[in-house]
Amino acid sequence: MAIKSKKKASAKKKAGAAKSRMAKTRKKSPTIKRANAAGTDPKRVAAILAKLDEAYPNATCELKHENAFQLLISTILSAQCTDVRVNQVAETLYKKYPDAKAFAYATPSELEMEIRPTGFFRNKTKSVMGASEAILEKFDGQVPRTMKEIITLPGVARKTGNVVLGTAFGIASGVVVDTHVLRLSNRLDLTREEDPKKVEQDLMKIIPREKWIQFSHQIIWHGRRVCHARKPKCIECNLESLCYARDKTI
Ligand code: SF4
């Protein structure tokens, strides 16, 4: 009996070790992971892109702006805030502060009150003033046109960089990954990552570069109009036949 139970324990131990080795391999091996990412078949991705073109041929950035600098400031202000609210604030803001110099030399407490309705106004004031100062001092008063440079501005990370470079300059340096792109890319099984940086890398691999800018606008539009976080309107969705999201409502 004692020998039998010893044998059993050793077999269990071996099985456990094999299981953990397999789990480690699965984690490390990108090949195995890619094989699991069923939604990234090029034909399927092309079909999704075609459906997005069909539904949103004119999708564009919904932040009102007259130039790259205004778009940069509005994008910084749009963190944790709706574009509608930012547009309301921007209407008077850019009359009072028309350029980088005006923002850089603003009185912080006054500017804070102007942008208060967008939330997180103290941090946002620091960011817009810091970004304006850097534009004046390091970039000759112009919004930089490369990702490497634009992300050196205070308050600017890849998402804001992609919005400004793509929309204001037509430069495809990546894919905007905001809350909508994050949610829809997962629902449409274009990625199985949760971290925006990793999601962007996944999307850049499967979407042709010439579609990066438009894809971001279209997915954001779809997220705002149809594929809501809660209760997506799947019955109205032209991507429904290509979508097998677990939280589909039909
Ligand atoms: S079918 Fe539903 S969950 Fe899928 S993309 Fe359309 S709205 Fe979103």
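The following questions and answers walk through a predicted model, from its overall fold to single residues.

Biologist: What is the mean pLDDT of the protein?
Modeller: pLDDT is the predictor's confidence in each residue, from 0 to 100. In this model 85% of the residues reach 70 or more. The mean is 90.

Biologist: What share of the contacts between residues at least 6 apart in sequence join residues at least 24 apart?
Modeller: The protein has 250 residues, and 32% of them are buried. Among contacts between residues at least 6 apart, the share that join residues at least 24 apart is 59%.

Biologist: Within what arc do the buried residues of helix 11 fall?
Modeller: Helix 11 spans residues 179–187, and Val 181, Leu 184, Ser 185 and Arg 187 are buried there. Seen down the helix axis, they line one face, because they fall within an arc of 160°.

Biologist: Against which helices do the buried residues of helix 11 pack?
Modeller: Val 181 and Leu 184 are among these buried residues. Just after the helix, Asp 189 takes a positive phi of about 60°. The packing partners are helix 12 (196–206) and helix 13 (212–225).

Biologist: What covers the buried residues of helix 12?
Modeller: The buried residues here are Val 199, Glu 200, Asp 202 and Leu 203. Their arc around the axis is only 165°, which puts them on the same side of helix 12. The cover includes helix 10 (158–169) and helix 11.

Biologist: Is Ile 206 buried, partly exposed or exposed?
Modeller: Ile 206 sits in helix 12. Leaving aside neighbours within four places in sequence, Ile 206 is in contact with Thr 40, Val 45 and Leu 190. Ile 206 and Val 45 are 161 residues apart along the chain, yet their C-alpha atoms are separated by 7.3 Å. A buried residue needs 20 or more other C-beta atoms within 10 Å, and Ile 206 has 19 such neighbours, so it counts as partly exposed.

Biologist: Where is Gln 80, and is it buried or exposed?
Modeller: Most residues other than glycine have a negative phi. Gln 80 is not a glycine, but its phi is positive, about 55°. Gln 80 lies in the loop between helix 4 and helix 5 (83–96). With 10 C-beta neighbours inside 10 Å, Gln 80 counts as exposed.

Biologist: Is Asp 140 buried or exposed?
Modeller: Asp 140 is in the loop between helix 8 (121–138) and helix 9 (147–150). Asp 140 has a positive phi of about 55° although it is not a glycine. It has 8 C-beta neighbours inside 10 Å, so Asp 140 counts as exposed.

Biologist: Which residues does Gly 141 touch, not counting those up to four places away in sequence?
Modeller: Gly 141 lies in the loop between helix 8 and helix 9. Gly 141 is partly exposed, with 14 other C-beta atoms within 10 Å. Its C-alpha is 8.9 Å from that of Asp 99, which is 42 residues apart in sequence. The residues touched are Ala 100, Ile 135 and Leu 136.

Biologist: Which residues around the ligand are the closest?
Modeller: The shell holds 13 residues. By class, nine are nonpolar, none polar and four charged. The closest are Cys 227, Pro 232, Cys 234, Cys 237 and Cys 243.

Technical notes
Residues are numbered from 1 along each chain as its sequence is written. This is a predicted model: local features need pLDDT of at least 70, side-chain atom pairs count only at pLDDT 80 or more; totals for chains, interfaces and linings use all residues. A residue is near a molecule or strand if its C-beta atom, placed from the backbone, lies within 6 Å of it. Ala, Val, Leu, Ile, Met, Phe, Trp, Tyr, Cys and Pro count as nonpolar, Asp, Glu, Lys and Arg as charged, and the others, Gly among them, as polar. A residue is buried if 20 or more other C-beta atoms lie within 10 Å of its own, exposed if 12 or fewer, and partly exposed in between; C-beta atoms are placed from the backbone. Helices (H or I, at least four residues) and strands (E, at least two) are DSSP runs, numbered from the N terminus. The arc is that of the directions from the helix axis to the C-beta atoms. Two residues are in contact if their C-beta atoms, placed from the backbone, lie within 7 Å.
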